[in-house]
Structure formats: C-alpha cells, structure tokens
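Got a new structure on the screen and wondering where the labels come from? Let's go through a few of them.

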Amino acid sequence: MQNEFSLEENIALARQFLLDEFVRRGMIVDYAVHLPDKEGGIANPHFHVMCPIRPLKKNGEWGAKQHREYRVDESGAPILDDAGHRKFNAVPTTDWGSPEMLEHWRQAWAAQCNARFAEKGLDVRIDHRSYERQGIAQIPTVHEGPAACQMEKKGIETEKGSLNRFIKATNRMIATTVKRLARLCDWIAALKEELARPQPPDLAELLNNYYDQRNAGA
C-alpha cells in the first residue's frame, strides 16, 4: 500500500489486484489490511495475503499440488534408486509457487500502483526490481521487525538498527561520491572539447614566427 493514497483507495487497489491476479486464476484469497501506529515515524500501511497453492476440483475437493513423472532411460526402462524404487520428478500442477509467477505478481503490483499514480497526477513511481537490477548504486536496508523497532523508539540501539544506520550513512557517501564523479567527468569532457578547438597564437608563438621570418629573409 502507498502513503500517497487514502485508506479506501488502498483497499480498493489491493482488492482489484487480488481479483485480477489471484482469484481469476482460481485461487482462494484471504487478505488483511494493517495500519501500524507510526508514532511519529513514516506510516506503513500494508496488507497480508494468504492463499493456497493447491487447486480445487470441481466437486470442491482439494487437488494435488504436484504429480509424479517417472523417469526412464534411453530404452524406456524405469530408472531405479538404490532401494529399488522408481525415480520420479515432482511436477507442480500449477505455476502458483514458481519464482517466475512471483516476479510477475511483483511487476503487476508495481504497474497497477504506477497507473494509479498517473491517474492522480502524482510524479511518483515504484519499481519491483532490486537496486542492483535497476543499476542503482545503493545498498538496501534490512528489515528490523517490530521488536527492534520498539527498542529503537525507546532509545535502545539494536544490531539491526545500527546496521541500517551504517547502511544509510554509506549510501549518503556513495551518492555524494557519484555526484562528484559525475561533475568531474563533465569537467574533463568540457576541457577536452575546449582543447580540441583551434587556439589563437600566444605572444611567444607570435614572436617566434616573427624572428623565423626575419631570419629567413636576412
């Protein structure tokens, strides 16, 4: 959920996303909206989703999460393990638990949020990719959790809190260094462009040319 949207807008956005991406695939979805007390910090509205990866049959019974594909050799004979049992590959009956589907859901959520940002005329966008995949020189912070957050709010430093402070300080240093390097590269490029242009002769060059011409005619 996004702080730029109202509670009603966030709930409607989450419900539409779950209907489009989960229920439409035949999944049962249970979701809960959480609005933790920010206590002076940044609001963190979010929702939790619980859904099965086991399909339902038409009669209402649970189907299998996966089925067996028995392995055979080149001649078609079964391949056995050391105990004499047939070897098999466990093949999921759906793609709901695959990394590719998770990537799709993350991308779909970002696209839906960004479309809503555009509708509201907000110059805000989110990206489902990591900093590394986006090519951003920034270290991600770690999730502190409720216990560490409560201790930090009371002034008690925690290991995760200290790590995040170090990461944020490092990111500021990286951002400053990148900006300075960018300015330096721009200065070098401008200097090269200036040096490549024809330069007017200076006084020493004019004097040398004068004496060369005079000596040549003497």
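Q: What makes the nonpolar surface patch here?
A: Leu 181, Leu 184, Trp 187, Ile 188, Leu 191 and Leu 195 make it, and it covers about 590 Å². To join a patch, residues need over 30% relative accessible area and no salt bridge, with nonpolar side chains (Val, Leu, Ile, Met, Phe, Trp, Tyr) within 5 Å. A salt bridge would be a side-chain nitrogen of Lys or Arg within 4 Å of a carboxyl oxygen of Asp or Glu. Areas come from the Shrake-Rupley method with a 1.4 Å probe, and for residues only the protein chains shown count as cover. By the way, this is a predicted model: local features need pLDDT of at least 70, side-chain atom pairs count only at pLDDT 80 or more, and totals for chains, interfaces and linings use all residues. Numbering runs from 1 along each chain as its sequence is written, and side-chain values use heavy atoms, leaving out hydrogens and water.

Q: Why is Trp 187 called exposed?
A: Exposed means over 50% relative accessible area, buried means under 20%, and partly exposed is in between. Trp 187 has 52% relative accessibility, so it counts as exposed.

Q: How many helices and strands does the chain have?
A: Six helices and four strands, counted as DSSP runs (H or I, at least four residues, for helices; E, at least two, for strands) numbered from the N terminus.

Q: Why is the chain called more spread out than a compact globule?
A: Its radius of gyration is 32 Å, well over the 17 Å that the globule rule gives for 218 residues, so the chain is more spread out. The radius is taken over C-alpha atoms, and the rule is 2.2 Å times the number of residues to the power 0.38. Those C-alpha atoms fill a box of roughly 115 × 65 × 40 Å along the principal axes.

Definitions and conventions
Patch = residues over 30% accessible without salt bridge, like charges linked within 9 Å, V, L, I, M, F, W, Y side chains within 5 Å. Buried < 20%, exposed > 50% of the residue type's maximum accessible area, 1.4 Å probe, protein only.
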